[in-house]
Amino acid sequence: MGQTKSQFTDEELQDYEDLTFFTKKEILLAHKKFKSLAPEKVSHNKNAKLSMNKILQYPELNVNPFGDRICKVFSSSDDGDMTFEDFLDMMSIFSEACPKNLKAEYAFRIMDFDGDDMLGVTDLKQVMERLIGPEHKMNDNEMKEFIQSMLAEADLDDDGSLSFPEFEICIDKSKDFVDSFRIRL
């Protein structure tokens with residue numbers, strides 16, 4: 001692990017510690033995980049940018065139906081490619097120490113496929129399709145009924161979509177949200 005530490009100055013580690021929910025030891029572990037995705041590239045440049053395809057090889061992202069969306073939301077270049085700092089930000093938000101309200105904010109962004117700061121019918125349909133998977137397709141009628149039912153309960157201002165405050169209320173009612181919105185280092 002001494003070799004990994006030598007890639008960062010004490011000041012860099014302190015900055016990362018100040019800006020994340022991680023200790024210096026966890027930051028070094030995160031870098032080790034990042035480096036394992038492309039050792040040939042990261043060994044020469046600790047802040048190398050890895051393609052989304054490389055990032056999606058991280059086991060927890062590989063099996064996550066929102067893996068590509070997670071990469072795009074945390075990518076500073078908005079294309080899903082990530083530097084170590086992008087990866088560290090992502091892992092910090094998915095850590096146990098991250099507050100629920102911040103996790104909710106990122107969950108909302110991940111589910112807001114069209115980026116209009118609302119979870120509309122199209123966004124909710126895409127969320128459902130990803131959650132149930134291609135092997136358990138709902139027909140159009142079932143999907144429409146399910147989304148209407150969801151909106152009937154959660155869309156407090158009856159505008160046909162969920163704003164972030166409405167989404168937050170749903171998250172507050174969910175006992176499993178914090179546990180499910182986590183990636184272990």
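This note covers the cysteines and the salt bridges of the structure.

1. The model is predicted: local features need pLDDT of at least 70, side-chain atom pairs count only at pLDDT 80 or more, and totals for chains, interfaces and linings use all residues. Residues are numbered from 1 along each chain as its sequence is written, and side-chain values use heavy atoms, with hydrogens and water left out.

2. Zero disulfides (pairs of cysteine sulfur atoms within 2.5 Å) turn up in a search of the whole structure. For C71, the nearest cysteine sulfur is that of C98, 17 Å away. C71 is buried at 0% relative accessibility, and C98 is buried at 4%. Buried means under 20% relative accessible area, exposed over 50%, and partly exposed in between (1.4 Å probe, protein chains only).

3. The whole structure holds seven salt bridges, each a side-chain nitrogen of Lys or Arg within 4 Å of a carboxyl oxygen of Asp or Glu. One of them joins K46 to E12, with the closest N and O atoms 3.0 Å apart. K46 lies in the loop between α4 (39–42) and α5 (52–55), and E12 lies in helix α2 (residues 10–19), 34 residues apart. Helices are DSSP runs (H or I, at least four residues), numbered from the N terminus. K46 is buried at 18%, while E12 is partly exposed at 24%.

4. D172 pairs with K100 in a salt bridge at 3.9 Å between the closest N and O atoms. The partners sit 72 residues apart, D172 in helix α12 (residues 164–173) and K100 in helix α9 (residues 100–111). D172 is exposed at 54%; K100 is partly exposed at 30%.

5. R182 and D179 form a salt bridge at 3.8 Å, N to O. Salt bridges link E96, D179 and R182 in a network. R182 is partly exposed, at 21% relative accessibility.

Technical notes:
Helix = DSSP H or I, 4+ residues; strand = E, 2+ residues; numbered from the N terminus.
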